[in-house]
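Q: I'd like to learn how to read a contact between two chains. Can we walk through one together?

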Amino acid sequence: MSTVVELPVDLFKGPIEPDWCPGCGDYGVLKSVQQAAAICGVQPKDLLIVSGIGCSSNLPGFMHAYGIHSLHGRSVPVATGAHLANTDLKVVMTGGDGDGYGIGVGHFIHAMRRNLNLTYVVMDNQIYGLTTGQCSPTTTVGHRTKSTPEGNMERPINPLALAIVAGATYVARGFSGEQKHLADIIAGGIAHKGFALIDVFSPCVTYNKVNTYPWFKERVYKLEETDWNPSDAGRSLQKAFEWGDKIPLGVLYKSDQLTYEDSEPAFEQGPLVKQKLGLESKLFAELIEEMV
Amino acid sequence: MQEVTIGIGGSAGDGLDKSGDTLARTAGRLGLQVYAYNCYQSIIRGGHIFLKIRIGDEKVRSHGNHLNALIALNQDTIERHAGEVEDGGVILLNGDRLKCNQARIRAGVNILPLPMSHVTASVVEQFGPIQPIMQNTVLVGALMYLAQIDFEQASGVLTDTFKHKGQKVVDLNVGLLKAGWDFASSHSKPVGASWKYSRVRRPFVTGNEAIALGAAAAGCKFYCAYPMTPATSILHWMSSHAKRLGICVKQAEDELAVINMAIGAGLAGVRAMCATAGGGFALMTEAIGMAGMMEAPVVCVEVQRGGPSTGLPTKTEQADLFQLLGASQGEYPRMIVAPSDVTDAFWTTVEAFNMAERYQMPVMIMSDLLLSEHPETVDADALTHDVTIDRGQMITSWNPDAGKYKRYAMTPSGISPRACPGCAETLYVAGSDEHDEESILVSDMYTSPATRRKMMEKRMRKMDQLLKDLPAPSLVGPADAEVTLVTWGSTGGAVAEAAKMLSNEGIKTSYLQIKYIVPFHSKEISAILNRPTMKITVEVNYTSQLSKYVRMETSISMDGHINKYDGEPLEPAYIVSHVKDILAGRKPDLTVTEAEAKEIADHYLRTHFANKLCPTKAVCQPSKKYNEPVWTIELTHRLSGEPGGEMIVGAHTASTYSFKKVEEESSKPAPQLTRQ
């Protein structure tokens, strides 16, 4: 491993200012992503931030890095393609709970199953913000939203439990109100070899009047301040269900396992993007001969 | 031209594809030309599979109209196809198991039943008992003699096929081939003259193999797909060659993932391709528009099959033209191209990669089941590794003294030099929202109608240059033609042959194959079609989509349409007879024919009565009761030949109005027939 040289955070500051509502949790997440990139010493040219659609998916535009601001729910496959094309890049996906756990949940599960070397930061505000306040896959039961005026009848997805079961090898939770802590766990995810999910409580100050900063502040505690050992998937899964008066933050689960990239023969000659194009005449002749 | 057409019929799992392969490869190695079409169903075992192989000493462009020889691997094949064999032809079957009723065949057709246990006795003595599937090789051996195809070459093909299993297996198979050959030579006369072989070895290639090979030659490094017939064999070829070719092949969770992965890979700087059928493409459309907006290069192959919905998974159709034209919301630059044959599929794929990168846009290759799955011989030097790889305006370094890099710079051509992630000083965010030159969104906080207008024009401007880069189509055939056939995709093969047949009959016919759908050579095509000929589109769909599209782009209306939508490809004779109908002012007759009435009855009997009855005679009469003419179809018991009942089928609607069953004398009291 080469030595990591930490970079100045300002290096990652983007050309335009965020357009989120004042007080939005996503400001803290943006700062943490920039700090994490700095901690990991990733040059902006080698950092690719891929998002879907939603308030939080605007994040790549506020970074100094490469970015792809893709379609609603499709950040994961777009990032997968870009990453497989150039494994020299550090690819970080950013988006919201609707984007990742709703319309994009199929891709989310399969990317974790593949244990791709990707980092996924989900700004989870338990609401659809950009479409002005409908329930999301993580909205709690009974929560009244514009689309559930009598209260939400569906149980929320548990993203951390889902991630552990689906095969992610770095599963963590952060809180926008604990910005330094969040930066550290995102940096841990970027440095981790394998799929890292970081679910972040990122309150929507406009449309979610239930899960607010004070609501979280009263409940969250940091696993790092306990004797938590994140290496046992069974115990971590149990921990993922801890919800109520006490909600854990930090790395719930971490395990070093073979990644997709470790087994892909096409990468033996280096990243695809650096390989020579086309076929040699001898190889081509062999391919033709197979069909004669 | 000397030619022979052979049919091989059986069930899925009977191994007839291997037999066909032996036959076709042998012909290809001798320098003959082959075109094959496999008619199959979405089933792994059972069902009816019919492989047609047409061999000629000149290029054959369709599976033709004839059947000179039939290898029947089961009774069903005899019933369905024995009547198609032409005068002078032959029907080969395992005489120990099957029989062919003389009443089923045309005059001048020979039946050659091979007493299999007797024919293979010496082989069994030497190698031990043989598996039933190996009888195919005996039948192929007999056919090789009848079609006068070189035995040594055929045994060479079998040797190559089985050498990995050891010499004993090779000897066994060659022995069986010889046994069939010897039996035929002592019991029958050849059905055709002997051939003059050029012995130029010709590969036998499917459209999908050509597309995959073309992609590899063009430098495709990332291929992803979700399995879907008839595109799946591209995935199979890619996967089985991935390691040798250094291509990353990814089976994704669905087509949404497929197209988005391919676009992600394209944005990151590799040549990426994906393929699917119409249903999968429907899921991809939003992302295709994203590629247009982000100016991302991607090649997407859409192999059409019978639709709508799940439709006919293993049958051909050309009914997705409007799906591709209408793919995605909004307007964006793209290229849609429909190759016509296997060689064209290879070169079209190479071109698709170059255009996708030069113009930074999605390129859609429209194939169809017939083109993608049928194999044909191609000239060995028609495919080469030596293809042009043109990546367009790519930037790998940037000097900031020259100013700020602008990913979507407003240039006269509309093409903005492209940098990929990893390059210093050229950072940007590719956005699916509308954006300015620096890729800052003009959709959220900032708004700028002027920027939107000019950005839209910049993107669409690329289409002008692209059109100039693509060759315009030309008319093939006599200049003073009376009829001009207009077609696209794999139908071109049958159309070319039909035009020749018509011209030979004195109806001078030319044809126009339209390959580039978008952009469209409106000016050139208008000039071609603005002649006083009878203009007829020929396409495998119901609504004449190409005809409508040509009218939209040129204001020229066709004088007639030839359509087919039963799942089977067009045959030249079908086109010829329909052209004559149109010339004579006859409207298409959609009445159920006698053959169709019997087929409908047969289908009913198969699905309800386990194939125990079969239709024999059919008579069409007016009917007051049913308010339409009806076919009264006489049924007999398949095995005993005793009367089995009667069915009534509407001649216009094809409704199965009534079914009356008569029990066999021999089997009364009849056991309760169970529905299977």
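Q: Let's take salt bridges. Which residue of chain B does A:E290 form a salt bridge with?

A: Look for a Lys or Arg side-chain nitrogen within 4 Å of an Asp or Glu carboxyl oxygen. Here A:E290 pairs up with B:R244, and their closest N and O atoms sit 2.8 Å apart. Keep in mind that this is a predicted model.

Q: How many salt bridges are there between chain B and chain A?

A: The count is four. If you look at polar contacts across this interface, there are 21 residue pairs, with both partners at pLDDT 80 or more.

Q: Which helix gives the largest share of chain B's side, and what kinds of residues make up that side?

A: Helix α10 of chain B, residues 255–268, gives the largest share, with eight residues. Sorted by type, chain B's side has 38 nonpolar, 13 polar and 16 charged residues.

Q: How do I read the extent of the contact, in residues and in area?

A: Start with who takes part: 67 residues from chain B and 56 from chain A. On chain B, the trio B:E253, B:H385 and B:L427 supplies 12% of the area buried against chain A, more than any other three residues.

Notes: Residues numbered from 1 in each chain as written. Chains lettered and ligands numbered in written order. Predicted model: local features only at pLDDT ≥ 70, side-chain atom pairs only at ≥ 80, totals over all residues. Heavy atoms only, no water. Contact = heavy atoms within 4.5 Å. Buried area = accessible area lost by both parts, 1.4 Å probe. Polar contact = N/O pair within 3.5 Å; in protein donor to acceptor, adjacent residues only side chain to side chain. Helix = DSSP H or I, 4+ residues; strand = E, 2+ residues; numbered from the N terminus. Nonpolar A, V, L, I, M, F, W, Y, C, P; charged D, E, K, R; others polar.
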